[in-house]
Amino acid sequence: MPEIAAGTPASDTAPVLRPAGAGDLEALVALENRLFSSDRISRRNFRQFLKSPTAVVIVADMGGGLAGYALVLFRAKTALARLYSIAVAPEFQGRGLGLSLLRAAEQAAYDHDRLFLRLEVREDNEAARHIYDRAGYKRIGRIEHYYEDGEAALRMEKRLHGGHPVTNAVPFFPQTTDFTCGPACLRMALGAFGKEEARDELSELRLWREATTIYLASGLGGCEPFGLAVAARRRGLHVEIRVSHDDFFFLASVRDEEKRRVMRLVQEDFRKEAAAMGIPVAGEPLSGRELGQRARAGTLSIVLISGYGMYRKKEPHWILVHGADDRHVIVHDPWLEPEVATGTKPVKPDAISESATDAAHLPIPFDAFERMARWGTQGVKAQILISKDPD
């Protein structure tokens, strides 16, 4: 999914498109089970979607029965919407209802101030691909073995209003653990400059070992800007650090004094290494617009944000800024939301539910970026700017 099929007309009665409500649950489940033998949305997930503020379900109502539906998801604090599923009952196919649902999904995304609508479609579904092509969608990627039967998916996108698409060759690597967002961002930057070629969990963990603070308040330690900068410099890239304060990072939430002592010791060592390497440190972090301008000139930026702004978790998180348009900063977010957090179905029972469609090339409005690009009660800002070494 999403799939749109061709067929023959069955009736002259025109379905009414409207937002779905709780009373549509049984009809949605029945239609889903009728149309799909795999990759189905469950009753539980439909129920969650109908209640979620980050989802819209549009149904084609035939006066008591449903002829089809479209499901649109909105990623928090971004300008991105995803057409998660679209379906039309066989007896109503071939009448343009799929295209009408697609237009309604685009309107819902537009009404939520989304800049892009993205989707995946089976590579072997030529009829659906033709409809998306005619509707103005562009292919932006391919995902091997996306569907339960092993079929690949094409990732497609349409810009709904304003500006011009931002395209570049910065690869997207999702983090493989819940504590390696910084290393995943650094690997994406390394890939953009020809230093990394593919997703590699061992390389990610190796970078984490180089840059970790050892501890955080709970769980395994994250990475801080000086450690990430030193790791990038070791790999032959030009690096600049921009931080809003001189204190050590992430200590405020750590109550255990021995953990705090170890974290200070590790961060002191990172700063000594950075100084020995001649890495410049500035006290004025750049705005999203300025980071976008730097990206146009070939500089990528790993930026510390509050995870609460992206996925409602109060924890430090790193993202990669790689572009901007006239209204948005464009980022790769290495974190892919699991089913338990989003209510969306995974591709496989043990898989994550989000894909690169949700997390790569995310357009974030400048104002929203400025609010999220800080951490903790003091609003600490940190950025690592990375470019090719001029030498």
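The accessible surface of the protein comes to about 17200 Å², and carbon and sulfur atoms account for 49% of that surface. These values, like the others in this section, were computed from a predicted model. The protein has 391 residues, of which 55% are buried, and its secondary structure consists of 13 helices and 14 strands. When contacts between residues with a separation of 6 or more are considered, 68% of them join residues 24 or more positions apart.

Helix α7, which spans residues 225-234, is mostly covered, since 8 of its 10 residues are buried. The buried residues of α7 are Pro225, Phe226, Gly227, Leu228, Ala229, Val230, Ala231 and Ala232. At the start of α7, a side-chain oxygen of Glu224 reaches to within 2.8 Å of the backbone nitrogen of Phe226, while just after the helix Gly236 takes a positive phi of about 85 degrees.

Strand β8, formed by residues 237-243, includes Ile241, a residue that counts as buried because its relative accessibility is 0%. When residues up to four places away in sequence are left out, Ile241 touches Pro225, Phe226, Ala229, Ile279, Pro280, Val281, Ala282 and Gln383.

Charged side chains were then considered, and the count comes to 22 salt bridges. Arg18 takes part in two of the pairs described here. In one of them, Arg18 meets Asp24, with the closest N and O atoms 2.8 Å apart; in the other, the side chains of Arg18 and Asp61 meet at 2.8 Å, N to O. Because Arg18 lies in strand β1 (residues 16-19) and Asp61 in strand β2 (residues 55-61), the pair ties together parts that are 43 residues apart in sequence. Arg18 is partly exposed, with a relative accessible area of 25%, whereas Asp24 is buried at 10% and Asp61 is buried at 18%.

A further salt bridge joins Asp149 to Arg122, the closest N and O atoms being 2.9 Å apart. This pair also links distant parts of the chain, as Asp149 is in the loop between β6 (138-143) and β7 (153-159) and Arg122 is in strand β5 (residues 116-122), 27 residues apart. Arg122 counts as buried, with a relative accessibility of 17%.

The cysteines call for a separate account. A disulfide is a covalent bond between the sulfur atoms of two cysteines, and a search of the whole structure finds 0 disulfides. In the case of Cys181, the closest cysteine sulfur is that of Cys185, at 6.5 Å, which is too far for a bond, given that a disulfide requires two cysteine sulfur atoms within 2.5 Å. Cys223 is likewise in no disulfide, and the nearest cysteine sulfur, that of Cys181, is 7.3 Å away. Both residues are buried, Cys181 at 8% relative accessibility and Cys223 with a relative accessible area of 3%.

Finally, two residues other than glycine were found with a positive phi. Phi of Asp39 is near 55 degrees, and this residue lies in the loop between α1 (25-35) and α2 (43-51). His361 has a positive phi of about 55 degrees and lies in the loop between α12 (356-359) and β13 (362-365). Asp39 counts as buried, at 8% relative accessibility, whereas His361 is partly exposed, with a relative accessible area of 25%.

Terms used
Residues are numbered from 1 along each chain as its sequence is written. This is a predicted model: local features need pLDDT of at least 70, side-chain atom pairs count only at pLDDT 80 or more; totals for chains, interfaces and linings use all residues. Side-chain values use heavy atoms; hydrogens and water are left out. Buried means under 20% relative accessible area, exposed over 50%, partly exposed in between (1.4 Å probe, protein chains only). A salt bridge is a side-chain nitrogen of Lys or Arg within 4 Å of a carboxyl oxygen of Asp or Glu. Helices (H or I, at least four residues) and strands (E, at least two) are DSSP runs, numbered from the N terminus. Contact means heavy atoms within 4.5 Å. Accessible areas come from the Shrake-Rupley method with a 1.4 Å probe; for residues, only the protein chains shown count as cover. A polar contact is a pair of N or O atoms within 3.5 Å; within protein, one must be able to donate a hydrogen and the other to accept it, and residues adjacent in sequence count only if both atoms are side-chain atoms.
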